[in-house]
2 protein chains.
Amino acid sequence: MINEKNLQLGTARSAIRELFEYGKRQAALVGAENVFDFSLGNPSTPAPKEINDAVTEILSTCDPIAVHGYTSAQGSIETRTAIADSITRRFGTSADADDIYVTCGAAAALCCSFGALTKDNNTEFIAIAPYFPEYKVFVEGAGAKFLAVPAKTDDFQIDFTRLEATLNPNSAAVIINSPNNPSGVVYSADTIKKLSALLERKSEEFGHPIYIIADEPYRELVYDGIEVPFIPNYYRNTIVCYSYSKSLSLPGERIGYIYVPKFADNSRQVYAAAAGAGRAMGYVCAPSLLQQVITRCINATPDLTNYETNRKLLLENLTTYGYECAAPDGAFYLFIKAPDGDGNSFSEKAKEKNLLIVPGESFGCKEYVRISYCVDTDMIKRALPCFKELIEC
Amino acid sequence: MINEKNLQLGTARSAIRELFEYGKRQAALVGAENVFDFSLGNPSTPAPKEINDAVTEILSTCDPIAVHGYTSAQGSIETRTAIADSITRRFGTSADADDIYVTCGAAAALCCSFGALTKDNNTEFIAIAPYFPEYKVFVEGAGAKFLAVPAKTDDFQIDFTRLEATLNPNSAAVIINSPNNPSGVVYSADTIKKLSALLERKSEEFGHPIYIIADEPYRELVYDGIEVPFIPNYYRNTIVCYSYSKSLSLPGERIGYIYVPKFADNSRQVYAAAAGAGRAMGYVCAPSLLQQVITRCINATPDLTNYETNRKLLLENLTTYGYECAAPDGAFYLFIKAPDGDGNSFSEKAKEKNLLIVPGESFGCKEYVRISYCVDTDMIKRALPCFKELIEC
């Protein structure tokens, strides 16, 4: 009387977690300073000072019953207003509080969005490889089918020929993640315009909207002055799933939101169905203290200094050694081509040197490996000789 | 391309929420002091002082990256150890950290448990009326069937004849909520022993364990020295779903746990499948700061003074006026029989006097109404004449 699929999901760890746990065991054997762990996407920069200041102020000045009390399921009106105003101000659209549903992070936002758009078990969601592996788990958890369109590995923008061939009358949405985990690539305005045109055309052909689900936890983490296009400004049928995990270094606190623009087709039904999906999964409300923190810290920005330093250090050295790397304009990952063309065997070879990098296979690109550079800069310096040996041997 | 069921769940409010929203509108019309809102189960006692002290200490002394960082999906080892040690100490069982899965409150704990035990869409979960209405939403969200066994309204203990008639080879678990929302009744040790014997017998007959899912957010809220039996001590195949929402007045913070005793049948599979269900619903981890707060405040106890005062005031007066009431040994609810035998019409009549009490129908007992006494004591005093008029007219 046990659910086999959930048993399997709870028993098998993801490739990323397996590597991380291996690293902890090796550290005990050979010393933490001799293990170079580039496996996890856990921010290495502390939350901005405003966050803890806001907590302290809220606890010392507000009614404790209100601070820790239930908010409405979609989030407190103050939090939703602050988020909507920020979107309006930053992106020149006109969001309001009723378009925002505050969630326990981007994972919950995605699960609610998939639940909203899953008409039946023929419904399909399409991700563009390379993609965050949990998309498949979330989509299948909602009772729908997960499909991936292979990567265009010259620039990691979207392969429209392959995407068009994959779209069909069961397609509910295309999942976009830009800046991308694992490639770090930001989709250009040109890519978004082409995607928009294709989806407009196919929506008309199939007689129903095909949405974009824009998973944007890395929006604020971009380098060298790169602009991240705000997708609802290009395609009205966009559902934005945002998280403060990476931008404000709060991954454990589980706070993010869904933005369903009021100009999207069936906007109010999509919003209500996302709320209903959340209700059926037991998401009563997003953590109340954190909702108030976000309300007060809506303009806080991440400190990118550490990531900029790490990115430059790794990128310059790895390309000098001869590695090929996707354009790492955002997030905190480098996606490099395995010198032998096989990400799995290269990750294994690296592991023998206690250098932990994630095989690209679970992201849908088996020729690659992912390096998370949200790490200590000194560890990168100690690891560089290993990277050099690995490409030379 | 929208999920009809989730659309419906996100569009229709629960009866409780409808009444609460009505109260807010009436307050604007007739003045807040003239609306007597007994609709919600939102704690009216502030969180113990230890909670805010712990937050302040954690923020001022701990590494911010660790404070706000991801924990492992099942919760940090420190939090799970603290919870397990507390269970061992209080109930004389031998829980350990690997038996505990920290969740975003009891709602998440229940959804993960239902997800774990839903073998296929014939699987059934049985609640004993009166029951918390969201059980049905959560069970159906997991893809299983929800059944309710009618109440034994003389004492609101379990009607074993009816329960036995409802059990069948598709039964995965019986949901127990004691102290009970909405009746306030605590199941006696005798009831639990009988339930245990019945489920042992039926498990053997059907060739698979039938679990008890013990939903225990009100465990700590009991009066007059009543003891709440710890169900795993009576029936090994018990899954405990706990929340700190009511006991520590933290309902908005979403923190609780699942305890799967290692002596339960298939204990490790049930635990893993619950974790897998959580993963598929996007529950990455329970809020990290709150996990650390619970670790430090594991021995904090609720201040029951306000609830004791309110309970006595209402109970004494309502029974004097002639109302019949279930034994309110725990939680913060009175479940009274509608004088005209129809909870819906009585709730409507009360509403005309701006007295907001929830019809029992949504809890599976349509002759009753629920009064939440987690309210301001002065409001009760102002509302008493209304209660008197309603039974006299």
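Is the crossing of α6(A) and α10(A) left-handed or right-handed? The crossing of these two helices is right-handed, where right-handed means that the near helix is turned clockwise from the far one by less than a right angle, and left-handed that it is turned anticlockwise. The notes below take up this contact and then the rest of the structure.

1. Basis of the notes. This is a predicted model, in which local features need pLDDT of at least 70 and side-chain atom pairs count only at pLDDT 80 or more, while totals for chains, interfaces and linings use all residues. Residues are numbered from 1 along each chain as its sequence is written, and chains are lettered from A and ligands numbered from 1 in the order in which they are written. Helices (H or I, at least four residues) and strands (E, at least two) are DSSP runs, numbered from the N terminus.

2. Packing of α6 on α10 in chain A. Helix α6 (residues 105-117) of chain A packs against helix α10 (residues 267-280) of chain A at an angle of about 115 degrees, and their axes lie 7 Å apart; the axes are lines fitted to C-alpha atoms over the stretch in contact, and angles run from 0 to 180 degrees between N-to-C directions. On the side of α6(A), the contact is made by Cys112(A), Ser113(A), Gly115(A) and Ala116(A), and on the side of α10(A) by Val270(A), Ala273(A), Ala274(A), Ala277(A) and Gly278(A), contact meaning that C-beta atoms, placed from the backbone, lie within 7 Å. By class, six of these residues are nonpolar, three are polar and none is charged, with Ala, Val, Leu, Ile, Met, Phe, Trp, Tyr, Cys and Pro counted as nonpolar, Asp, Glu, Lys and Arg as charged, and the others, Gly among them, as polar.

3. Relation of the two chains. The same surface serves both copies, since 100% of the contact residues of chain A recur in chain B.

4. The interface. In this pairing, 64 residues of chain A are in contact with 64 residues of chain B. On the side of chain A that touches chain B, two or more residues are given by each of α1 (4-11), α3 (49-61), α4 (64-67), α6, α7 (134-141), α10 and α11 (288-296) of chain A. The largest share of this side, 10 residues, comes from α10(A). The residues of this side divide into 36 nonpolar, 24 polar and four charged.

5. Helix α7 of chain B. Helix α7 (residues 134-141) of chain B is mostly covered, with six of its eight residues buried, where buried means 20 or more other C-beta atoms within 10 Å of the residue's own, exposed 12 or fewer, and partly exposed in between, with C-beta atoms placed from the backbone. The buried residues are Glu134(B), Tyr135(B), Val137(B), Phe138(B), Val139(B) and Gly141(B). What covers them includes α10 of chain A, together with α1, α6, β3 (124-128), β4 (145-149) and β5 (171-176) of chain B. After α7(B) comes Gly143(B), whose phi is positive, near 90 degrees.

6. Strand β7 of chain B. Six of the six residues of strand β7 (residues 238-243) of chain B are buried, so the strand is largely enclosed by the rest of the structure. Thr238(B), Val240(B) and Tyr242(B) point one way, and Ile239(B), Cys241(B) and Ser243(B) point the other way. Strand β6 (residues 211-215) of chain B runs parallel to β7(B) and is joined to it by four bridges, with Ile213(B) opposite Ile239(B). Strand β8 (residues 256-259) of chain B runs antiparallel to β7(B), again with four bridges, and Tyr257(B) in β8(B) is the bridge partner of Tyr242(B).

7. The three-stranded sheet. In chain A, three strands form an open antiparallel sheet in the order β9-β12-β11, strands being paired if DSSP finds at least two bridges between them. Strands β9 (333-337) and β11 (358-359) of chain A stand at the edges, each with a single partner strand, so one side of each is left without a neighbour in the sheet. Two bridges join β11(A) to strand β12 (residues 368-372) of chain A, and Pro359(A) stands opposite Val369(A) in β12(A).

Definitions and conventions. Contact = placed C-beta atoms within 7 Å.
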